[in-house]
Amino acid sequence: MAEVYENKLTPAQIEELAIHCENAELEAYEITKITDDYPEMTYKDAFDIQWEIRRRKEERGHKIVGMKMGLTSWAKMAQMGVEQPCYGFLADYFSVPEGGEIKHDELIHPKIEAELAFVLKHELKGPGVHIGDVLRATDFVMPAVEVIDSRYKDFKFDLKSVIADNSSSSRFVTGGRMADIADVDLKNIGVVMEINGEVVQTGAGAAVLGHPAASVAMLANMMADRGESLPAGSFIMIGAITAAVQVNKGDAFTVRYQGLGTLSGKFV
Ligand code: 0L1
Ligand code: MG
């Protein structure tokens, strides 16, 4: 796709849009989707904006502690009206301890998603990475819950706007039991999400691109478009197994993962 390699925005516009999207994240206010004002922008522009946000955070001393895939289920792509998955990065301050509190006021309109995370023991470098490569390179898998918080008003966006907004990344919780992939039936693993003690979502691993490892392979191949790879030790969230569920101040959640324990947290 030529749009992955071409810019229509200038470096100054990319920097300005990175500041625009990042300020909305840091100060928790809504913006309209940026393609409304820049309809000509390409996928390359969108990823350049995301990578500029990442550079700005690193410049301020933050560490990038992982990557996430988003929109990896066909149901979610259809629901959000987009045509392919996307990726984003995870900064150190996105991480919330297991059982911890998430400050609702720091976010705009958060939703939670039940996910899994892969941790690599070998580098994955695309193009051409497939599920077999991912399984061979995986050290262990573990449960993860993502808190997404699109900066766009009413979660109304298109794929380019989402990519520029770091794929709605905001917080994540991980923990539970780490497991060797040989001990987990990744396609069939069941998850049950409860909010305030009520079951609100259930799902199975295959909801993510047919197999959770396919999501990691896709990430490695997408990053190869920029000459980037996933080094050994990378922490990668694969995208939602369940639909995203809106959460309010005071809500407590528990996500049960078949054979891998539970993750919980509270919005305060
Ligand atoms: O799947 C996800 O992690 C969400 C990606 C961005 C789209 C959204 O905010 O729903
Ligand atoms: Mg997600």
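## Backbone geometry in the loops

Pro127 is located in the loop that runs between strand S5 (111-120) and helix H4 (131-137). In this predicted model, the peptide bond joining Gly126 and Pro127 is cis, with omega at about 0°. Most peptide bonds are trans, and most residues other than glycine have a negative phi.

Two residues with positive phi occur in another loop. Asp154 lies between strand S6 (138-148) and helix H5 (159-164), and its phi is about 60° although it is not a glycine. Asp154 counts as exposed because it has 9 C-beta neighbours inside 10 Å, and the limit for that class is 12 or fewer. Phe155 also belongs to the loop between S6 and H5. The phi of Phe155 is near 55°, again a positive value in a residue other than glycine. Phe155 has 19 other C-beta atoms within 10 Å and is therefore classed as partly exposed, since a buried residue requires 20 or more.

## Surroundings of ligand 1

The shell around ligand 1 consists of 15 residues, of which the closest are Gly70, Ile148, Ser150, Ser167 and Ser168. Helix H3 (74-80) and strand S6 each contribute at least two residues to this shell. By class, the shell comprises 7 nonpolar, 5 polar and 3 charged residues.

## The open sheet

Five strands make up an open sheet of mixed pairing, in the order S4-S13-S12-S8-S9. Strand S4 (101-102) and strand S9 (198-204) are at the edges; each has a single partner strand, so one side of each is left without a neighbour in the sheet.

S12 and S13 form a hairpin with 3 residues between them, and Gly259 in the turn has a positive phi of about 80°.

Lys103 lies in the loop between S4 and S5. Lys103 and Val268 are separated by 165 residues in sequence, yet their C-alpha atoms are 5.2 Å apart in space. Lys103 has 12 C-beta neighbours inside 10 Å and therefore counts as exposed, the class being defined by 12 or fewer.

## Packing of helices H1 and H2

Helix H1 (residues 11-27) packs against helix H2 (residues 43-59) at an angle of about 65°, and the two axes are 8 Å apart. The crossing of H1 and H2 is right-handed. On the H1 side, the contact is made by Ile14, Glu15, Leu17, Ala18, Cys21 and Glu22. The H2 side is made up of Asp45, Asp48, Ile49, Glu52, Ile53 and Arg56. Sorted by class, the contact of H1 with H2 contains 6 nonpolar and 6 charged residues, and no polar ones.

Key. Residues are numbered from 1 along each chain as its sequence is written. Chains are lettered from A and ligands numbered from 1 in the order in which they are written. This is a predicted model: local features need pLDDT of at least 70, side-chain atom pairs count only at pLDDT 80 or more; totals for chains, interfaces and linings use all residues. Helices (H or I, at least four residues) and strands (E, at least two) are DSSP runs, numbered from the N terminus. A residue is near a molecule or strand if its C-beta atom, placed from the backbone, lies within 6 Å of it. Ala, Val, Leu, Ile, Met, Phe, Trp, Tyr, Cys and Pro count as nonpolar, Asp, Glu, Lys and Arg as charged, and the others, Gly among them, as polar. Two strands pair if DSSP finds at least two bridges between them. Axes are lines fitted to C-alpha atoms, for helices over the stretch in contact, and angles run from 0 to 180 degrees between N-to-C directions. A crossing is left-handed if the near helix is turned anticlockwise from the far one by less than a right angle, and right-handed if clockwise. Two residues are in contact if their C-beta atoms, placed from the backbone, lie within 7 Å.
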